[in-house]
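Please look over the model shown here.

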Amino acid sequence: MSSQDFYFEAHKLDGLARIGKIYLNRNSFLTPCIAHPSIFENLWRVGDDSENPLKVLIPQNFRSSSPALIKTEKNSDLLYTIPSLNFEGDVVNLLNLVKNLICEKKLFDAQDLAFPVPCNLEPSKISYLLKEAVKLGLRYFILQRVSSLLKNPRKMIDIIVGVIKNICTPDSVLHLSSFIPPYFMRFLSYLGVDIFDDSVAYIAASQKNYLTFSKVLDFKGLKELPCPCTHCENFDLNADFKHSREEIFEFLLAHNLSVYKSEIRSIREDIRGEVFRESVEAITHASPSIKGALRILDRDSNYSSQVEEAIPVRRKSVFLCSSSDSLYRPMVKRWRKRIIERCKPPKHVKIVVILPCSARKPYSFSKSHKFFLRSIKGGARKKIKMVHEIILTSPLGVVPRELELTYPASKYEIPVTGHWDWEEKKTVTEVMGNYLSNFGEDVHFLAHVDGVYAEIVREASDYLSRDVEFTCLNGESPKAEGSLKRLKSAVYEALKDRNNAVSNPNLFHIGRGRMIADFQFGSGVGNILLPPSMRIKVEGNYPRVQRFFINNAQVATLVPEDGLLALTFLGGEKLVEKGFYFVEFDGNKIEGGTLYCVAVSEADKQIRPQDEVFIVNKDRRILAVGKAVLSGKQMVMAKKGPAVRIRRKNKQDET
Amino acid sequence: MSVKNFETRSLKDPDFSNEIKAIRSYHLSKIKKKEVLSVKYWIEQDRLLKGIGKALTIILPTKGCSWALSKSGGCSMCGYINDAVKYGAKSVCDSEKLVYEFEKTLKNNLDKEFEALKIFTSGSFFDESELSKEAQKKIFETISTYKNVSEVVVESRPEYVTSEKIEETVNILNGKTLEVGIGLETSNDIVRSRCINKGFSFQDFSKVVHEIIDGEARVKAYILIKPPFLSEKEAINDAIKSAIDASKVGAKSISFNPCNVQSGTLVEKLWKNKSYRPPWLWSIIEVLKKSFNKIKSDVDRIICDPVAGGKSRGSHNCGKCDKKVLQAIRKTSLNQDPEMLGAVCDCYEVWKTFLEYEAFSQDPDPSFILSL
Ligand code: SF4
Ligand SMILES: [Zn+2]
Ligand SMILES: [Zn+2]
């Protein structure tokens, strides 16, 4: 088997989870997928029910196997498997064996070998074993005895995420061979496992267990079959006694296998549909250890930053926040972090108005916000540019008006019942406190909120030791006429003695562009792209496409779908100069619409999947602009697979 | 198609020895060994050469197995050394004292009925560092005066057995049958060395068996069911093959020892790590059935008494049927009748399926699936 015959590419990431593709000779199939054990051939047939599956031999034991006989005949759809370990003392001996096979005897290419990883060993030993294996070029890993971790969420995350995902390159395949019930598949896919063995369907059938997506049921106790698959539809539960033991086994097996099959399709579909995280939150109810593991992954800062690196910056789906875990979603934490670290408020701001969120997005198109805006404008009149509005919301914390169109602020849904739990309140208070601390003493804070929102603002004001003026009094809601009147006059009062130094009518739009740039590319980038010293023109009506020009040359476009900027090459140059969001290509001319990892020599570590990035050559000349498929770190690590989908090439450069 | 060796493996395996030794030493440093041990003994029903009868078992508290005490670390599953007298507590291991204790025990049991006498040491009876030459002789001389004893069993590693010693002992016993039990464990040299660390080869075993037979004594081969690093299915086949091989070289008693998890052993570490599960009782039944089928006419007895049977550290099934199945195994041993092996439980099907899929999952125990 030549090294080109089998390889793996990651195509779409959602954190550690991914849709990948296994290429085998001229065929290919998608992952996550199922590996069927074939007990007569002693190998797995990988790839759901693919007619041209990848065959992977089962491992022998490193100790008990008689000096293993290995066929050296080239076989183009078969991977040989290194003997497996269950004993720390053999790590070095095993590695010597592998080195011998690949480097000295040259019996195999590293790509033709599957490498078993005993997940029940000491983390330090697994880590050593894997690092060496990766160095030798191994890319197919069989995770063994993962079942021993499933009851211990801490261990599960430490080993699968902390060790295995951390060490394996993005173009490595993870094939899990342990006995695991179907409801662990989704969560383990979330941790980045690509291939699942469905042996449990057989064991469960022999145990008279009826599997579902979230449970293992005792068949003997069932009054109804919850599943409508053809096997279940054709099985008469009431005539159970008429069926022989073999018939019951065959029925249960067929149904159980169908559960694996359908779950794996649904996993792929959910990753593709960009709703995978939501579906994982839903499955945490199946097992406390999944719930625990998700908590560790979200809240332990080492792991959450490892996951965040591979979370796309935009999705096409609605962002559903329906569980308490949503508060700690990597994308939500990223939002709060960027708001505080990257977004600096405009200098000319003299009032901050704190508003409640609305169900309709973007906020400014909701009924309530239309009222608020009318009062604010009425109070500020020509001095409107001195007002900065922020919206208080869970789980994002704070949404500056400028970012209301930016994903996920533009597309999130929460249960709006007015019930906030303690953690939510605490988190939102912290974000608001931190955000407000950026404003000087001369800036006046106005809070047009009631209920829980008001409590939060009060706490933040205590925390900052800054006064906040409340405009909803006597238990009146923000929408009440009295409140709105008070808002208007409070704005008027606060601004009446201030000099209006701001004249540019486009300032609000420019300010929005700058803040989005800061949020998207880093603190200060807004002023680099749209320098205050230059004449900036804005075209287009918010919330539709808006174009930003400097001296009649376009630098950026606000894309309303996700509220992020697309940059022109001119804009890109300014970013690349700073060393931001570039991907260095190992050449001068890119063929086709995709830049592959193999040609990436360097990339900005800040790059996340779906980020706007610039492909440059060694001299940092821009060759093309596109969207990242992987994170910056990953595209450097991987040898296979797409790194950037190109949107436009730099024509100037082609001549 | 060309076929090549993965590698050529030598039977010496220092890394393996060191690991076993380290685990053992650590454990021995933690437990407090007794300075003085009394002789343990019991009488129970047993399968004797002439049929079902009573046997008196006496355990002499020697210093313990030299192999386990050596720098080899001993065998990967064996924790007998934990029960031996504290090493160096000379006063108790003193051979004269042991002979005295032995005689006293025998005398105290004179009024009881038994035809077989088993003398064990948690090591090798013929090892002179455990029991002096004179003491060994004295013990056999004492036994020879007991008329109702017809069968004497001792245990030893092959390296302590010589033609002269057998000849001498058989002479002293004067008509009583001498059987030497040897822990062959498996006839597969790779498994015996690389999984068990036994320290002798099948050839060493065979040579000694011939010497014993030539000296007109008998050999009992102990076969380990499910050494570490073998799957359940491999273990079943290994045990059956080993019994056949042992009978071929002349062992007339086959004693199956289902592996159990003893403290301070490598097996215990693997077990705690979820890399090892003691054999299912179904596997024992399978081994016994096949062995009776294949070698019944070549041997005098095939016996099995699972230590810690039904417990998580011993051979076990689902928990519901363990008692029943254990009883079937014991009855079969006593009566030498494989017909008595019949037992049923739902977990039989699980075991059967598990045998086929363990090679894929590499999970030694599927029982957690229900409990997660
Ligand atoms: S099994 Fe026998 S030889 Fe091995 S350590 Fe134990 S007593 Fe010694
Ligand atoms: Zn069904
Ligand atoms: Zn049972």
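## Terms and basis

A residue is called buried when its relative accessible area is under 20%, exposed when over 50%, and partly exposed in between, using a 1.4 Å probe and protein chains only. By that rule B:C345 and B:C347 are both buried.

This is a predicted model, in which local features need pLDDT of at least 70 and side-chain atom pairs count only at pLDDT 80 or more, while totals for chains, interfaces and linings use all residues. Residues are numbered from 1 along each chain as its sequence is written, chains are lettered from A and ligands numbered from 1 in the order in which they are written, and side-chain values use heavy atoms, with hydrogens and water left out.

Ideal angles for four tetrahedral donors are 109.5 degrees.

## Shell of ligand 1

Which residues are around ligand 1? They are B:C65, B:W67, B:A68, B:C75, B:C78, B:R157 and B:K198, each with a heavy atom within 4 Å of the ligand. The shell of ligand 1 divides into five nonpolar, no polar and two charged residues. Here Ala, Val, Leu, Ile, Met, Phe, Trp, Tyr, Cys and Pro count as nonpolar, Asp, Glu, Lys and Arg as charged, and the others, Gly among them, as polar.

## Helix α7 of chain B

Helices (H or I, at least four residues) and strands (E, at least two) are DSSP runs, numbered from the N terminus. Helix α7(B), residues 189-196, is mostly covered, with seven of its eight residues buried. Contact means heavy atoms within 4.5 Å. The elements covering the buried residues of α7(B) include α1 (14-30), β6 (177-185), α8 (202-214), β7 (218-225) and α9 (232-249) of chain B.

At the N-terminal end, B:N188 caps α7(B), with a side-chain oxygen 2.8 Å from the backbone nitrogen of B:I190. After α7(B) comes B:N197, with a positive phi near 65°.

B:R192 lies in α7(B) and counts as buried because its relative accessibility is 0%. A polar contact is a pair of N or O atoms within 3.5 Å; within protein, one must be able to donate a hydrogen and the other to accept it, and residues adjacent in sequence count only if both atoms are side-chain atoms. The side chain of B:R192 reaches the backbone oxygen of B:L184 at 3.2 Å and that of B:T186 at 2.8 Å.

A:S289 is in helix α9 (residues 288-299) of chain A and counts as buried at 9% relative accessibility. The side chain of A:S289 reaches the backbone oxygen of A:L150 at 2.7 Å and makes a polar contact with the side chain of A:S287 at 3.1 Å.
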